Amino acid sequence: MIVEVVAVGTELLLGQIVNGNAASIGRRIAEEGHDAHYQVVVGDNITRIASTIREAMSRADAVILTGGLGPTQDDLTREAICEATGRPMVFEQEVADRLRERFAAFGRSMPVANLRQAERPDGSVQLENTKGTAPGIALDHEGTWIFALPGVPEEMETLLEDEVLPRLRRDSEGVSVLKSRLLRTWGSSESTVAEILDDLYGPANPSLAFLASAGEIKIRITAKAATDAEAEAMIAPLEAEVRSRLGTRVFATDQDTIETVLLRLLADRGWSLAVAESATGGMIAARVTSVPGASSVFRGAVVPYATDLKTALLGVPVQAIEHSGVVSESTALAMAEGASLRLGAEVVISITGSAGPEPQEKPVGTMVVGVMTPEGARARTLHLPGDRERIRTYATTAALHLARLGVTGSWW
C-alpha cells in the first residue's frame, strides 16, 4: 500500500516549528511495510490544501494529513477535504455535546469556535481524540483512504496508532512487510563508505541507504517480503557482505550507540571510566551519563577549561605545557594520567583543542584526544571541519570511538 503524508501549517513552511509529525508517521508506515513515495508540506490555504489532497489521492492508496483540525480561522483541513472530494460538511451534535462536557470537566465554558471541531465531511467518521479536543477524520473516498489527524504530536501519535494503522493493516493484510537493519560505522567519510559499497547500491530488494550524522555513517539495509522471516533472510547475506568490506568500521547495529558499546566493553572487563575534557566542556561526560546504568562504570569528569586548572586539578606539569603547548598530545596524555590518579579510574578519555572561532595555539579544528587504559596510553591529533559546535560534536564522537579502540586493544 502506498501512503502519502501531508503536513498542514504555514508555521512549518516558515521554519517556526520542525516537521516532526511527518518523520514520526513516515517511520511508522515504513515499519508497517507500506510504501512512501512523497511527503508534502502545505500552508494554511484551503485551495492549496485541497489541491494537495487531490494530487496525493492520484498517486497513493492512503493520504494522512496532520494539522489544521483546531477551532481557529486558519484550521482548514476539514473544509479542504470537502472541497477536494466534492462532499458537503455535516455537523455531529454528539461530538459537540462531548466537547462541552470536556470543557465543563475543567470548569470552563466552551467557546463557540470549538463547534467547528464537531464538523466532518459527509461520509467520513470522526476519530475520538482522548488527548485533546480535535477529533480525527477517516474517509474512504472512492477506494482511497483520507485520514486527518491533529497537529499536536501526542494527539497525532495516539490516533495514528489506535485508529489509522489498524485500518491500513486490515486493508493490506498479508501483502508484505518491510524490515530494516541499521549498521553504524565510524572512521571513514560518507563518500569513502559509498565507494566501498558502490556495486551494492541500487533500486534492488534488499536496498542500501546512507546517513551521515555527528561524525558517524549509518548504513540502512531494507528488505520487503511476505513475512518477517523472509525479509530477515534477504537482509542477512547483504549485511554479511557489508560487514566484510567495512571491517572494524562497523561498531554497532540498530539502536546500539557508541556510548552503550563503550560502557558494555568496560563492564565486561571490570574497568571504570573517567573523563578530563577541556575544549568539549563536559560533552563527553554528558553523552556517557545519558545512558541508564552508566554509574556502574563511570567515575566522573573534570573540566579544567583554563590552562592553570590543568595543572592545579590534574597535575599537568607546567614545563610540559610551556614546552609543547596546551593543544598537544603530551598535554592530553598528562591530563589523562592526572585524571586516572585523582578519579581512580582504569580508563580515561582526555581532550584538549582549538574549537574556535578564534584559534588557540593551533588552527581552528585541531583537537587532541588522549586515551589511557591499563594496557597503554596514546593520543591522536584530529583536524576537524566546521564551526565551533560541529567541531566539538565531532571531537566528542571521535573521543568515544578512540576510547573504544583503546579498550579493545585496537590502537590506531
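1. Basis of the model. The structure is a predicted model, in which local features need pLDDT of at least 70, side-chain atom pairs count only at pLDDT 80 or more, and totals for chains, interfaces and linings use all residues. Residues are numbered from 1 along each chain as its sequence is written, and side-chain values use heavy atoms, with hydrogens and water left out.

2. Overall form. The protein chain has 14 helices and 17 strands; helices (H or I, at least four residues) and strands (E, at least two) are DSSP runs, numbered from the N terminus. Its C-alpha trace spans about 85 × 55 × 40 Å along the principal axes. The radius of gyration is 27 Å, whereas a compact globule of 412 residues would have a value near 22 Å; the radius is taken over C-alpha atoms, and the globule rule is 2.2 Å times the number of residues to the power 0.38.

3. Of the 412 residues, 49% are buried (under 20% relative accessible area, 1.4 Å probe, protein chains only). Among contacts (heavy atoms within 4.5 Å) with a separation of 6 or more, 67% join residues 24 or more positions apart.

4. Helix α2. This helix covers residues 20-31, and its 12 residues reach 17 Å from the first C-alpha to the last, close to the 16 Å expected at 1.5 Å a residue; the expected span is 1.5 Å times one less than the number of residues. Its buried residues include N21, A22, I25 and I29. The buried residues of α2 pack against β1 (3-8), β2 (39-42), β3 (62-66) and α6 (153-171). Just after the helix, G33 takes a positive phi of about 90°.

5. Helix α13. Buried positions here include T331, A332, M335, A339 and L343. Their cover includes the strands β13 (273-277), β14, β15 (347-354) and β16 (366-373), together with the helices α11 (307-314) and α12 (318-324).

6. Residue A294. This residue is found in the loop between α10 (283-289) and β14 (298-302). A294 counts as buried because its relative accessibility is 6%. Leaving aside residues up to four places away in sequence, A294 touches L263, V288 and T289. The C-alpha atoms of A294 and T260 are separated by 8.7 Å, although these residues are 34 residues apart along the chain.

How values were computed
Buried < 20%, exposed > 50% of the residue type's maximum accessible area, 1.4 Å probe, protein only.
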